Amino acid sequence: MSEACCEAGAPVEYPYVNHGLCYTITDGTTSSSPNPLSIYVTGRSSKGIVLVPDIWGLSYSQVFYVADNFATLGFSVAVVDIYRMNTWPYGTPPGPGIADFIGKMDPAQIQNDIQTAVALLKSDYGATSVGVLGFCFGAHAAFVAGQNTDNISAVAGAHPYFLENGTGMGAALKVPCAIISTPDDDAKAVTDEVLAGPFAAQSVFEVYEDQCHGFMAARGNFNDADVLSSVLKACRAFADFFNNVL
């Protein structure tokens, strides 16, 4: 795992009551992923966002807050638990063992779960065009989705963690992308590749100099007004990007 991710510390509790619905889907379970798939859905729109959370999955309320905010900005949103409840331990910062934790995940299963969320938004929530946004390792999953499918129109990542520093990931994209990073994150390889490719003009790259890795997800202290202000600013930036490309 990246040094920035491990140094960002433990998740932060944030009191929030979500406004959407949570689906439990048992189709697609395997011996390596026996748990059902959980998908939280909020909002209804022709423009959809599949949100892939960080390694704590649906354990912390920040991801629901962000999803509900995107719904108020005019999107249908599905938060997909690609970890299928096998998240990093609650309340524990990343550390030794995180590489093994990620290594045990099935890349094909992750992409199938993202596609299940895309299908749900399209079949039941009015979405005709869908993008995928990921947080930390979720950004890696989102960018892989943007390389291998024809039913995803854009991808994005907040404080991304790209395996192998993202080498080759930007060049392989078949869709525009947006990245909001912090000074702690290493998104240079992906950024440079995208800027050298066919989607440079449609893609967006911003660095939030006053924030730390994880600020939009479980490590984000939404109880702090300055952090929450940056989260809402980032939501608006991602919303502008998706409105332009979906």
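Student: Leaving aside neighbours within four places in sequence, which residues is serine 230 in contact with?

Tutor: Tyr208, Asp210, Gln211 and Phe215. Contact means heavy atoms within 4.5 Å. This is a predicted model, where local features need pLDDT of at least 70, side-chain atom pairs count only at pLDDT 80 or more, and totals for chains, interfaces and linings use all residues. Residues are numbered from 1 along each chain as its sequence is written, and side-chain values use heavy atoms, with hydrogens and water left out.

Student: Which residue's side chain makes a polar contact with that of serine 230?

Tutor: Glutamine 211, at 3.1 Å. A polar contact is a pair of N or O atoms within 3.5 Å; within protein, one must be able to donate a hydrogen and the other to accept it, and residues adjacent in sequence count only if both atoms are side-chain atoms.

Student: Where is serine 230 placed? And is serine 230 buried or exposed?

Tutor: Serine 230 sits in helix 8. Helices (H or I, at least four residues) and strands (E, at least two) are DSSP runs, numbered from the N terminus. Serine 230 is buried, because its relative accessible area is 7%. Buried means under 20% relative accessible area, exposed over 50%, partly exposed in between, with a 1.4 Å probe and protein chains only.

Student: What about leucine 228, buried or exposed?

Tutor: Buried, at 18% relative accessibility. Leucine 228 is also in helix 8. Leaving aside neighbours within four places in sequence, leucine 228 is in contact with Tyr14, Tyr65 and Phe222.

Student: Now packing. At what angle do helix 2 and helix 8 cross?

Tutor: Roughly 45°, and the axes come within 10 Å. That makes helix 2 (residues 62-72) oblique to helix 8. Axes are lines fitted to C-alpha atoms, for helices over the stretch in contact, and angles run from 0 to 180 degrees between N-to-C directions. Angles under 35 degrees count as roughly parallel, over 145 as roughly antiparallel, 65 to 115 as roughly perpendicular and the rest as oblique.

Student: Which residues of helix 2 and helix 8 meet?

Tutor: From helix 2, Tyr65, Val66, Asn69 and Phe70. From helix 8, Leu228, Val231, Leu232, Cys235, Phe238 and Ala239. The residues of this contact divide into nine nonpolar, one polar and no charged. Here Ala, Val, Leu, Ile, Met, Phe, Trp, Tyr, Cys and Pro count as nonpolar, Asp, Glu, Lys and Arg as charged, and the others, Gly among them, as polar.

Student: And helix 4 with helix 5, what crossing angle?

Tutor: Roughly 80°, with the axes again within 10 Å. So helix 4 is roughly perpendicular to helix 5. Ile110, Gln111 and Ile114 in helix 4 meet Phe137, Ala141, Val144 and Ala145 in helix 5. That contact has six nonpolar residues, one polar and no charged.

Student: How many residues of helix 5 are buried?

Tutor: Nine of the nine, so helix 5 is largely enclosed by the rest of the structure. His140 is one of the buried residues.

Student: Switching to backbone angles. What is phi of arginine 84?

Tutor: Near 50°, a positive value in a residue other than glycine. Arginine 84 lies in the loop between strand 4 (76-80) and helix 3 (98-103). Arginine 84 counts as buried, at 3% relative accessibility.

Student: And phi of histidine 159?

Tutor: Near 35°, also positive in a residue other than glycine. Histidine 159 is in the loop between strand 6 (154-158) and helix 6 (169-172). Histidine 159 is buried, at 0% relative accessibility.

Student: Which residues does serine 181 touch, not counting those up to four places away?

Tutor: His159, Pro160, Glu206, Val207 and Tyr208. Serine 181 is in strand 7 (residues 177-181) and is buried at 7%.

Student: Last one. Where is tryptophan 88?

Tutor: In the loop between strand 4 and helix 3. Tryptophan 88 is buried, with a relative accessible area of 9%. Beyond four places in sequence, tryptophan 88 touches residues including Ile55, Trp56, Pro93 and Phe101.
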